[in-house]
Amino acid sequence: EAGEFDRAAERARGHIARHPDYPPLLAAVSVLALDAEDEELARHCAEKGGAHPDALTTLGTLTLGAMDHAGAQALFERALSANPQSPRAWIGLGLARLAGGQSGEAGPMLDRGADMFGDHLGSWVAAGWAYLLAGDHEQARERFERARRIDPNFAESHGSLAVMDVLAGDA
């Protein structure tokens, strides 16, 4: 919550050394490790986290990063069947669908995750791009505007809105 991901990851290493076979801890640390951009720790913990939804979501994220869209979708779907209130899993499933060329399906999934997160700017921008690629410019603009309202300095919001303006013929 304080944004000190690296410090938290270091402390987490001590906890997992003491409790190396406790899936809920390992699953939680896998999510933290993604935020700390420690892919090795994320993978290790997710693989030992078993069927815990956070572990599956981490594995889905890593699988999506490896460009295995179908594999990532399957992992995110398993995570959501265990915990349908996981914003990361909804975002991941939406991104996997978007990357797999299913932008029409991706938008509502990204919306659901973005709604759950509330103020996660990247989620709103990703939802906007899904709608834009699906040809729904009105919904796309609304998502980009929502991100801009949350943080008027977030460049991706302005860039996305500029693309919308150019597509509408307003250079």
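# Questions about a predicted model

Visitor: Which residues lie nearest the centre of the largest pocket?
Guide: The largest pocket has a lining of 18 residues. A pocket is an open set of points on a 1 Å grid over the protein atoms alone, where a 1.4 Å probe fits, with protein on both sides within 12 Å along at least five of seven lines, and lining residues have an atom within 4 Å of a point. Nearest the centre of this pocket are Thr61, Arg88, Ile91, Leu95 and His120.

Visitor: What kind of model is this?
Guide: Residues are numbered from 1 along each chain as its sequence is written, and side-chain values use heavy atoms, with hydrogens and water left out. Local features need pLDDT of at least 70, side-chain atom pairs count only at pLDDT 80 or more, and totals for chains, interfaces and linings use all residues; the model is predicted.

Visitor: Which helix gives the most to the lining of the largest pocket?
Guide: Helices are DSSP runs (H or I, at least four residues), numbered from the N terminus. α2 (23-35), α4, α6 and α8 (121-133) each supply at least two lining residues. The one that gives the most, with five residues, is α4.

Visitor: Why is α6 described as largely enclosed?
Guide: Buried means under 20% relative accessible area, exposed over 50%, and partly exposed in between (1.4 Å probe, protein chains only). Among the buried residues of α6 are Trp90, Ile91 and Leu93. The cover over its buried residues includes α4, α5, α7 (103-117) and α8. α6 is largely enclosed by the rest of the structure because, of its 13 residues, the number buried is 10.

Visitor: Which residues does Trp90 touch?
Guide: Trp90 is one of the buried residues of α6. Contact means heavy atoms within 4.5 Å. Not counting residues up to four places away in sequence, Trp90 touches Leu80, Pro84, Met109, Leu110, Arg112, Gly113 and Met116.

Visitor: Is Ser86 buried or exposed?
Guide: Ser86 sits in the loop between α5 and α6. Thr57, Leu80 and Met116 touch Ser86, not counting residues up to four places away in sequence. With a relative accessible area of 7%, Ser86 is buried.

Visitor: What is the phi of Glu37?
Guide: Most residues other than glycine have a negative phi. Glu37 lies in the loop between α2 and α3 (39-48), and is exposed, with a relative accessible area of 72%. Although Glu37 is not a glycine, its phi is positive, about 60°.

Visitor: What is the phi of Met67?
Guide: Met67 belongs to the loop between α4 and α5. Its relative accessible area is 59%, so Met67 is exposed. Met67 is not a glycine, yet its phi is positive, about 70°.
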